[in-house]
Amino acid sequence: MPMRKPIHMTGKDLAGMVQLRAQDIGKYVIMPGTPDRLEALVKKIQNPMKNFSFMEHTMYTGELDGVRVTAMNGGMFSANTAITTEIVCNVEAQNIIRLGSCGALTEDIKVGDLILADSVIRGEGVTPYYVDEEFETLPDEGLTRALQEAAEKMGVKLHRGKVWSTDALLRETKEIVEEKAGAGAIAVDMVSSTLLTIAQVYKTKAASILAVSDNVMTGEMGFTNPAYYIAQTTMINVALEAVKLLENAKIADNK
Amino acid sequence: MRVLFVTPQLGSWATHGHHVAANQMHAHWAAYAREKDTIEPEVLDCKALGIPTDNMLEIIKEKSPEVVVLGDVLHSYGGFAVQWYFDETAKKIKKILPNIKIVVGGLWYSYLSKESLQQNPAIDFVVMGEGEATFNELMDALNKGKTNFEDIPGVASRKNGEIVFGPVRDLIANLDSLPLPAYDLFPMEKYVGHTYWKPFTEIVTSRGCPHGCTFCYEWSEHDPRALKHFNRWRAKSAKRVVDEVELLEKKFGVKVIVIQEDNFNVNGKRAREFCEEKIKRGLDMKWVSLGCASDWVKAEADIPLMKKAGMFMGVFGIEVASEQELRKLDKGITIEQIYKTIDILRRNDIAIVGDIMIGFDYDTEQIIKDRFAFADKVDPDILWVGYLTPPPGSPHWADAIDKKWVDPNNVDILKWDFLHPVVPTNHLSIPDLGRLGAWCMREFFSKPGRIHRILESNFDPLAKKCFQDVMNNVPQWEAGAVEGKLHV
């Protein structure tokens with residue numbers, strides 16, 4: 001029996017299912033991975049109102065100094081991030097900032113440092129369904145620069161470089177890791193390449209900033225290291241500061 | 001009499017990071033006997049100064065005191081594990097200076113005076129129970145060349161190869177009669193709490209406790225013939241405590257203290273007067289205090305005053321998860337009071353340390369997990385998981401011996417620091433307890449929501465630093481509980 005539609009379900013269908021419209025979201029969509037990180041982010045947004053709660057994902061929209069900002073836990077993995085990114089892109093999100101975590105692939109990057117993705121190595125299973133091998137996934141330059149400037153303004157140590165995204169957290173073997181590090185990756189996560197690729201396909205500006213939870217090269221684990229949790233809070237503050245910088249720059253341009 | 005109070009080099013609890021404070025037993029005994037002109041005291045704190053054993057022995061040899069004093073009264077040095085170091089130090093000193101007199105007291109030694117003298121020939125005297133007057137009379141007797149000490153209340157000694165005991169020493173009725181601790185003898189600039197609090201020290205403003213929890217370490221610091229002394233709560237007056245705080249702040253530059261007795265708030269009026277007097281004298285000292293939930297609840301109206309007076313963290317025992325268990329342990333608090341304590345401290349932006357104990361003889365995996373679930377729900381800012389470590393003199397000590405879980409003549413004391421499981425339960429082995437304790441710690445300290453709440457709170461930065469220090473050391477805690485790695 002032939003399938004009746006060219007595609008079973010789209011991001012637009014999902015947005016409709018949760019009654020989300022373009023006017024419901026802010027100019028900036030900030031997407032941490034976990035609900036805990038979302039909770040910390042929402043506390044810093046003024047007058048947050050829930051847009052929807054679906055499966056394990058929740059979206060709020062509020063304000064930051066008069067600018068509408070949306071916060072949503074986008075997921076910890078490529079599969080669920082693809083869904084949440086599709087939803088926001090289908091309601092015409094303008095800017096997406098991913099707040100994630102990662103493992104460092106160079107010894108000099110410490111638990112608690114921040115990484116800003118300049119480019120990615122697509123190692124997950126989602127993006128082959130969207131783009132071919134030659135496609136170059138890149139974050140938005142302006143958004144990335146704003147995050148860099150925000151970090152500098154706040155005196156936060158930030159590393160910029162290539163991020164390798166994988167689905168196989170427990171198969172970060174010596175051989176594979178060294179190959180990716182050899183290809184220039186400074187960090188590994190499970191989300192950046194999916195989010196940035198889908199955003200790029202939809203021509204939505206996107207950037208990815210990550211808190212270092214562990215160091216893959218040295219074996220240092222950071223999940224009970226307070227530096228990692230402090231970095232998560234710092235990362236949220238950097239994203240919000242970047243929004244302010246972008247908005248202030250816009251005001252300055254208009255003058 | 002030239003007396004040297006010695007603390008050997010030793011570690012700290014895994015939860016406490018770098019933690020070293022002036023030995024309160026030494027500070028009190030030295031001040032008392034010096035005031036009576038009985039001794040010329042000196043302090044050698046090798047833990048604070050980072051002096052290893054060999055160097056310590058050289059220094060002691062050079063100083064050549066007539067008496068060396070060892071021991072402590074606070075479990076915050078590392079529970080009973082410190083006793084191993086005191087015992088070994090006694091043996092090593094006696095080897096190089098055979099004529100020196102060695103006096104021990106405080107935790108463990110008080111209750112186990114007989115066993116200590118039997119097991120360690122290097123020890124000459126044990127001061128049992130509250131020590132100032134006993135120690136002073138002992139020094140006076142030595143000054144006078146006496147060789148018979150069995151008439152001195154509170155002293156255990158040897159006579160013709162037999163162990164003899166003086167009568168029970170009465171408690172000091174008025175603690176204000178004691179001189180201020182002899183902090184001038186200590187390297188006060190070296191003391192640090194939780195890695196980040198400095199200059200720091202711990203103080204003791206009251207003695208005894210009206211509650212008498214069955215697992216409390218303080219059972220061990222009483223004369224075995226006078227365990228009822230444990231329940232005789234006596235306190236220094238508020239003014240006298242502020243005098244000590246003023247001395248620490250103005251003369252020694254101390255910025256943070258932990259009022260280390262188990263229950264600072266027993267007398268609400270005294271706690272209130274302390275705060276008012278401290279504020280009146282313009283003292284900036286930040287402080288932490290410990291208390292029972294029932295007493296924190298009674299102090300509810302005074303918490304803002306305590307905060308104003310510098311308190312930034314409150315510690316209390318959650319211990320177990322049900323009214324029935326709380327009654328069984330003679331804790332004297334209720335579940336409602338536990339919730340209320342969290343509420344009143346959090347409302348005032350005071351960080352909360354909650355303790356739970358595991359390893360009671362009836363504990364099963366389910367009971368421990370339920371106990372943790374309760375603690376997690378109650379949601380203190382820092383959870384301290386302690387293992388039941390049967391304190392000599394406590395009901396658990398006798399039970400553990402009856403069950404042959406403890407051989408008083410063969411205790412692996414380096415693990416008796418409350419952070420290692422040392423006795424099984426009726427249902428769980430020691431390794432089971434190790435694994436379950438580590439499970440509790442990992443569950444508690446891996447909740448990002450809790451961590452964000454604390455780091456983004458209005459707590460004093462000192463409290464946030466302490467939280468970070470404890471978190472940093474969770475892997476060490478686990479290595480102790482599961483692999484037997486030593487901390488102290």
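Guide: Let us begin with a definition: a salt bridge is a side-chain nitrogen of Lys or Arg within 4 Å of a carboxyl oxygen of Asp or Glu. The model is predicted, local features need pLDDT of at least 70, side-chain atom pairs count only at pLDDT 80 or more, and totals for chains, interfaces and linings use all residues. Residues are numbered from 1 along each chain as its sequence is written, chains are lettered from A and ligands numbered from 1 in the order in which they are written, and side-chain values use heavy atoms, with hydrogens and water left out.

Visitor: Why is the pair Arg450(B) and Asp379(B) called a salt bridge?

Guide: The side chains of Arg450(B) and Asp379(B) meet at 2.8 Å, N to O; the limit is 4 Å, so the term applies. Arg450(B) lies in helix 16 of chain B and Asp379(B) in the loop between helix 13 (365-378) and strand 15 (382-387), so the pair ties together parts that are 71 residues apart in sequence. Helices (H or I, at least four residues) and strands (E, at least two) are DSSP runs, numbered from the N terminus.

Visitor: Are these two residues called buried or exposed, and why?

Guide: Buried means under 20% relative accessible area, exposed over 50%, and partly exposed in between (1.4 Å probe, protein chains only). Arg450(B) has 8% and is therefore buried, and Asp379(B), with 17%, is buried also.

Visitor: How do you know that chain A and chain B are in contact?

Guide: Contact means heavy atoms within 4.5 Å. By that rule, 11 residues of chain A are in contact with 14 residues of chain B. The area buried between the two chains is about 1200 Å², of which carbon and sulfur atoms give 63%; buried area is the accessible area (1.4 Å probe) that two parts lose on being put together, summed over both. Thr224(A), Pro226(A) and Tyr229(A) supply 51% of the area that chain A buries against chain B, more than any other three residues.

Visitor: Why are Glu88(B) and Lys91(B) said to be separated by about one helical turn?

Guide: They are 3 residues apart in helix 4 of chain B, which means a separation of about one helical turn.

Visitor: What makes Ser457(B) buried?

Guide: Its relative accessible area is 16%, so Ser457(B) is buried. Ser457(B) is placed in the loop between helix 16 (448-455) and helix 17 (461-472) of chain B. A polar atom of its side chain lies 3.2 Å from the backbone nitrogen of Phe459(B).

Key
Polar contact = N/O pair within 3.5 Å; in protein donor to acceptor, adjacent residues only side chain to side chain.
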